[in-house]
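Please read the following briefing alongside the sequence and the model. It is arranged by topic for a reader who is new to the structure.

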Amino acid sequence: MTQSLKDKLVILLLAALGTAFMVTFIAIEEQTEIFALLLVAAALIVAAAKFGVIKAISQCLSRNEKLMNGAVIAAVLVVVFWFREDHFPLLMIATVMMYVIACFGLNMQFGYTGVVNFAGAAFFGIGCYTAAVLGDTSVPLLMVIALGGIAAAIIGSILIIPVLRTRGHYAAVVTIAFGLLFRTFLEVNDTLGGPQGLRVPGMNLFGWDFNSNIEISENIELSFYMNYVILALIMVILAFVLMRRIERSWIGLNFDAVRLDETAAACFGIDIKRWKITAFTLGNFLAGTAGALYAMMLGFIAPSNFAFSDSLILVSIVLLGGMGSLWGTILAAGLVVLLPEKLQAIQEYRFLIYAIVMILILLFRPQGILPRGLRAYIPGWRG
Amino acid sequence: MDVGLLGQFVVNGMMLGMMYALVAVGFTLFFGVLDVIKFSHGDVLMVGTFAGFSTYLGLTAIGIDNAFVQLVGVLVVSIASMALLGAIIARYLVLPLKSAPPLNTLLVTLMLGTVLRESIRLFYPDGSNPKHFPSLLPTDAWSFGSFTLRADSVILLIGGLLVIIGVNVLINRTRLGLAIRAVAQDEETAKCMGINFKMIVLLTFALGSGVAAFAGVMNGLYYNEINFGMGLLLGVIGFSAAIVGGLGNIYGAILGGFLFAGLQTLGAVALPFASAYKDVFAFAVIIALIAWRPTGLIAEKTSERV
Amino acid sequence: MGILRKSTVSVIALAMAVSIGAGVANAKDKVKVAFIGPLTGGVSAVGVGGRNSAELAVQLRNADPSAKYEYELVTQDSECKPNVGVQAATKVASDKSIIGLVGHYCSAVAMGAVDIYHKFNLPMSVWGAVLPDVTYGNDYKEIHRVNGTMINQNDVAAKFMTDQGYKTWVVLYDTTDYGKGHNKYFTEYLAKNGGEILADFGVSSDQQDFTAELTKAKQLNPDVIFFGGLTPLGVRIRAQMEKLGITAQFQGASGIKSDSFIDGVGELSEGVVSFLEGAPVDKLPGGQYFIEKYKAAGFAESEEAYGPFAFAAMNLILDGIEEVGPNRKKLTKYLGKIQDHDSIVGKISFDDHGQNTVAAITKYVVQDGKWVVWEDSEYATGARKLAGK
């Protein structure tokens, strides 16, 4: 068997395994079963790492990037199709996807360029509120998603001067203060619904109402969340392509240079301000678009959705996945959104356990689950 | 506005500023020795207050009801236990991450804050409800027109001031302080001079956490109410105050603390719009100040090594 | 859900086989009901109290041999956040095995969730949220509420306080829907009764320090300080009034009527008045029964002010399922017709918006560290006096 054939088989096998895992994980509700499944998965991964299987697999994957991307999309479609009639799993899957888009945005800032942003939820929220305000007007809703991103980028530009002038902890405080300010402002401001929040009309594309179930025939009626899942999947793919293209282009090189050593980068004639502004604005744009779609899907938003703790969740996803690692972000978003949801039995103890797990991960695997690899001169030649 | 009312606002603002400053001093101490932000600081303060509260309950239970003895007991237990907790946090969570990116330390301590907060809420008896913190100080009040001054407020203000002066003397006038300053300036050189780096870091964290515990008890005595969430906002404000003042500088922390309290009071009193906007106002000014002075009002004296 | 359904089917088949084999014929069908409330976060004490009470209703029903079904309670945490609440609501509403729901203490969450219950035809009753719009803001026949709204509460509160001879107020309210609603309706009813509001201050729901607002209030020298908000802030405001030497009467909305308010402020709680929907629980024969059973069930937490409502709402849902069987649409119809239904919080009658119309308002005052019904207190007899009287 040739190398490439073997690779292809491995990838298909992995995709099948991943699909089966996702379906089981989302479907089971019994707490003991969930724990058992997680333990088995963790044991498998540890064992695989021990015997060098992970390394082999990752080499195999990096050789066949296109096939891998296709396999992942196919796997997600299979999972989505499996739950075609079940509203809640689809809602969760769509939520994960929107978190992924927002975290891609943060990744551009934290992971690529090293610009800190602790107000991710605020920019996500700007997107949400844009959708709520523009939803009732005659602006086409697909445009509203883009406008959500643009609004986030524009409002974010208020922070450009302080963000550019500061570094490290000082920059962190700028964004933390902005996040708190944003939420307090929404709470005391009556015209935007105040603490009561706002209703958001659902997505409607060329007469296709996203908020009614899809009736295919007498017996087959798909959940209306399927609409949002598909749209979110398209957006994730677009965002992923954008992120990858930027990462591998000269723009990404500049980003890396700015992150790794500002002084050296400046010596080589790289305009640090320009790249920081680019990353900050683009990142906020992505978070805003995700927010706009999220608001349409949820149908209701309120300031308490965009608290400091929500920004922290976004940051912890980026860190957990591995700075700048796109696949890591996807995996981490899935874990962070789904796990607390799945572990409802431990209700009051959820946050405690979540925090403890995060501490353990940061102590023992500070580089994240799937750390970003070194830049490869030619993709696929890493092995 | 009449003078009495103005006086009242000034005293209120000073009380707030004192508490913020005490919290900010902790942030600045930790940053000085290790260049890290320990975000669980506010929650350590909260745990310290609960430790003090438990001591009070314990003392009352065994029949000691002299307010002065109780106060001393509360302070000693609270400060000592938080100093220990601070050292433990430094030893097992902060030092191991010394070589990791600063963001990791920030997140670890943020998560630790959640753990502390949730633990009190879940495991302290009836922890999710606010508790009545006893008044252990004399409550005599003097009224001058619309200005009411209470003995306990005065004692707390003086107490806070003494603690700040004490910390300042400790840092600037003692051998331990010299060692702390040495470590803050240059870890390697300090080690060469025979300073036990690890010990100094642990002691600094103990000191900062002890000060936080004092601020927590002060908070309890002043508001007579404590709850599991009280540390969160105090932590964020203390952090902002330390940053605005300039990290690594005690005077900066004090300045930042009083500045933030002043902004909040001003926002509530003097601005034309609703007082609910006072935090929006305070944080907006903070952002503007940082844009103006990117390394704080009293800037860090460092030259960058390339 | 795919896998789940298959496994449930096989489990049921197996169970049936076993039961037939053993000759046990009287195994009851299982029916699922749900509870949603804030189990974590700042108001979790009330949420957990409500959950315990709903659970108690289910436990008692399961222990009743004459019940037709065996009930299983599914609980979800809303965290008092609309986005989390909407997720929880979707989860419950889309699970077709859940027939009825008792949900929501936080009005903002309820507002976001009612659309979902309507979409999935899930009959539900609110157990604590008091914003009028939850029932009156829509025409959904699935939505009901056993507790009263803040309209009734403030009507009674304004009338009562002006009758006591108070003339001027300063209002503090938290800027959540709850606080703002109280500010709005209290202001409205106070104007009708001839009282005057000198100033109102919105405060954020996690604020610690109120000295700035209270100093302003002190300058205006009102007869009464009214607070529209929940216990944690109520405690702080009452304590800080003392620090500033404000001697005005303190009046709170239903949100402060909890034991933790008294624990929180200690002796300063004496003479504080508050208003709560429903007749006092311990005054009703059913209330005594509820308190006894709650104690006997051995819950670690107190039932808090709205526990009885959660209990009554759950009982109402269970009564309905007993009557019409486990079917959402039939249950909705049943609930729509409820008139003079006996419960531990008094007779329940729903109007055309599903709002319980007979929700009585009880006036409370703190006397010697306990909430006492006004009419039974020494304040009503004149032996003690409210502040400034």
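**Confidence and overall scores**

Chain B has an average pLDDT of 86, and 96% of its residues score at least 70; pLDDT is the predictor's confidence in each residue, from 0 to 100. This is a predicted model, in which local features need pLDDT of at least 70 and side-chain atom pairs count only at pLDDT 80 or more, while totals for chains, interfaces and linings use all residues. Residues are numbered from 1 along each chain as its sequence is written, and chains are lettered from A and ligands numbered from 1 in the order in which they are written.

- The model scores ipTM 0.83 and pTM 0.82.
- Within chain B, the lowest confidence falls in strand β2 (residues 141–144), with a mean of 77, and the highest in helix α2(B), with 93. Helices (H or I, at least four residues) and strands (E, at least two) are DSSP runs, numbered from the N terminus.
- Chain C averages a pLDDT of 84, with 92% of the residues at 70 or above.
- Two residues are in contact if their C-beta atoms, placed from the backbone, lie within 7 Å.

**A helix pair in chain B**

- Helix α2 (residues 41–61) and helix α8 (residues 197–223) of chain B pack at an angle of about 60 degrees, and their axes are 7 Å apart. Axes are lines fitted to C-alpha atoms, for helices over the stretch in contact, and angles run from 0 to 180 degrees between N-to-C directions.
- α2(B) and α8(B) are therefore oblique to each other; angles under 35 degrees count as roughly parallel, over 145 as roughly antiparallel, 65 to 115 as roughly perpendicular and the rest as oblique.
- On the α2(B) side, the contact includes His41(B), Met46(B) and Phe53(B), and on the α8(B) side it includes Ser209(B), Val217(B) and Asn219(B).
- The residues of this contact between α2(B) and α8(B) comprise eight nonpolar, eight polar and no charged. Ala, Val, Leu, Ile, Met, Phe, Trp, Tyr, Cys and Pro count as nonpolar, Asp, Glu, Lys and Arg as charged, and the others, Gly among them, as polar.

**Where chain A meets chain B**

- In this interface, 33 residues of chain A are in contact with 36 residues of chain B.
- On the side of chain A that touches chain B, the elements giving two or more residues are α8 (160–165), α9 (168–188), α14 (308–321) and α16 (350–364) of chain A.
- α9(A) gives the most to that side, with 13 residues.
- The side of chain A that touches chain B has 25 nonpolar, six polar and two charged residues.

**Domains of chains A and C**

- Chain A is assigned domain 1 (1–82) and domain 2 (86–364); domain bounds come from an automatic or database domain assignment.
- The centres of domain 1 and domain 2 of chain A, taken over C-alpha atoms, are separated by 26 Å.
- Five residues from domain 1 of chain A and nine residues from domain 2 of chain A take part in their contact.
- Chain C is assigned domain 1 (26–148 + 282–358) and domain 2 (151–277 + 362–381).
- The C-alpha centres of domain 1 and domain 2 of chain C lie 29 Å apart.
- In chain C, 13 residues of domain 1 are in contact with 16 residues of domain 2.
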